[in-house]
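Colleague: May we go through this model together, by question and answer?

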Amino acid sequence: MKASIRLDLDHHVGDIDRRIFSGFVEHLGRAVYEGIFDPASPLSDANGFRTDVGKALRKLGMRFMRYPGGNFVSNYDWRDGVGPLAERPVRADFAWKSIEPNTFGVDEFVNWCRWMDIEPMMAVNLGTLGPREAAELVEYCNFPGGTHWSDARRQNSSSNPHGINLWCLGNEMDGPWQAGNCTAAEYAARAQQAGRLMKGIDSSIELVACGSTGRYMDTYLEWDRVVLETCWDDVDYISAHRYSRNSQDDSAWFLAEGVEIDRVLSDYAGLLAYVRGVKRSDKKVYVSFDEWNVWYKDRMIDGAWSRAPHLLEEIYNLEDALVCAQFLNSFLRHADIVKIACLAQIVNVIAPILTKPDGMLIQSIYYPFQLFSQHASGVSLRPIVDGPTHTAGVRGEVPMLDVSASYDPQCESISVFVVNRSLTEDIEAQVSVGGLRAKPDIETIMLTGDDPKAHNTWERPDVISPNSGTATRGANGQVFLKVPSLGLTVARVQLEQRD
């Protein structure tokens with residue numbers, strides 16, 4: 001089967017914000033303890049940081065890391081996790097019915113981020129705490145010194161401010177599972193008050209307001225409208241969350257998930273434009289898609305009041321990886337509104353990496369993130385795709401190809417990201433770039449396989465991993481790209497210089 005992908009360097013969505021390649025780590029299961037932090041492991045350094053995990057995560061090029069939750073944050077007192085270890089209290093965690101020892105807190109997280117060369121993205125508790133405690137955390141982290149909380153930081157960890165720029169005003173506050181769950185109006189008032197106090201301490205910070213938890217919620221978009229109309233002048237982003245699932249075991253339907261992701265982002269684009277118009281505002285607010293992933297196989301959320309319980313340790317297969325690629329494609333196609341996106345999560349808990357005390361396993365979803373992070377840069381182009389469609393269950397007819405592309409003017413190269421949703425049909429895609437010619441050397445990488453359920457195991461860790469792809473240059477400088485069924489193909493093409 002054949003398709004065409006037409007690109008033009010003068011037709012683009014906008015600049016790609018590298019913060020879309022960010023992550024999320026929560027005090028949940030074995031994400032922190034036995035994940036990024038495991039003093040008992042022979043693979044950890046003197047600070048207890050897992051060096052093998054750190055090496056693998058660095059290859060993903062993550063720019064920011066959201067912390068400490070998630071549902072956890074809405075019943076978390078950040079003050080429990082600072083100061084001498086012997087004086088830190090052990091707490092019962094409401095969210096995941098686990099025991100929290102508080103041996104890893106704000107300062108350890110910031111130190112881990114600096115070690116990883118990642119910027120911290122901190123969430124504040126607006127469930128069981130409020131604006132004052134949120135502002136005090138900003139004071140602890142960002143105020144130079146001479147006040148109660150800044151001097152406490154200087155004594156505990158660092159004479160220099162942590163300088164945390166990005167802050168989340170709570171988490172999923174429309175969810176009945178959330179500690180301190182409330183109405184949109186109540187949350188908007190809390191968020192506005194907290195935001196003003198926090199920016200009163202440090203006017204340079206950026207704030208993310210809680211959006212609705214998801215499209216399946218009765219609160220969807222109406223919650224967001226109320227929050228945005230109240231907090232428009234005080235916040236910089238509205239959060240969006242989505243966890244994709246194939247509970248009905250319908251691979252064709254599941255592999256059309258990108259259609260739904262696009263709908264969510266189109267909804268937010270319309271809402272943001274509407275509220276901006278209602279407010280008659282010159283300011284823009286953007287989307288922080290700060291929780292996204294596939295999650296449906298391991299739904300164990302009860303830790304039975306143990307420490308670091310095995311929760312949400314999802315095993316990821318090929319079709320999961322292709323859905324993750326479609327998230328990333330959609331973020332690129334909506335680069336005008338999506339400025340931050342966080343893969344949830346990074347280690348053990350619905351994560352690309354699983355650990356045991358003496359080793360780790362790379363899962364299938366690791367590779368799409370790595371490929372997009374490495375090759376998407378510059379501006380996001382608007383691809384015009386002409387290709388076959390197929391039936392995707394109750395979703396009906398959908399395009400077989402899901403495509404995004406970027407152009408990096410510094411090195412005169414384009415990167416094309418193509419997911420073939422078909423389970424059986426290979427496609428040859430002709431890629432042309434506004435009359436420009438590709439240079440002969442074309443870097444092509446594929447992630448594919450014959451079985452949508454294939455996954456990596458401890459015994460066979462390379463069942464799903466990238467391989468070299470196939471591409472050729474035509475007589476007119478166009479690129480012919482093989483996109484296998486059940487596959488992601490990434491091509492990086494150097495362009496001949498324009499006159």
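Colleague: At about what angle does helix 9 run to strand 19?

Modeller: This is a predicted model, in which local features need pLDDT of at least 70, side-chain atom pairs count only at pLDDT 80 or more, and totals for chains, interfaces and linings use all residues. Residues are numbered from 1 along each chain as its sequence is written, and side-chain values use heavy atoms, with hydrogens and water left out. Helices (H or I, at least four residues) and strands (E, at least two) are DSSP runs, numbered from the N terminus; contact means heavy atoms within 4.5 Å, and angles, from 0 to 180 degrees, are taken between N-to-C directions of axes fitted to C-alpha atoms, for helices over the stretch in contact. Helix 9 (residues 318-333) lies across several strands, including strand 2 and strand 19, and its angle to strand 19 is about 50°.

Colleague: With which strand does the direction of helix 10 make about 15°?

Modeller: Helix 10 (residues 366-375) also packs on the sheet. It touches strand 19, strand 20, strand 22 and strand 26, and the angle of about 15° is with strand 26.

Colleague: Which strands stand at the edges of the sheet?

Modeller: Two strands pair if DSSP finds at least two bridges between them. The open sheet of 7 strands has antiparallel pairing and the order 2-15-19-20-26-22-23. Each edge strand has a single partner, so one side is left without a neighbour in the sheet: these are strand 2 (12-15) and strand 23 (467-468).

Colleague: Which residue of strand 19 is the bridge partner of Ser380?

Modeller: Strand 15 (residues 379-381) and strand 19 (residues 401-408) run antiparallel and are joined by 3 bridges. In strand 19, the partner of Ser380 is Ser406.
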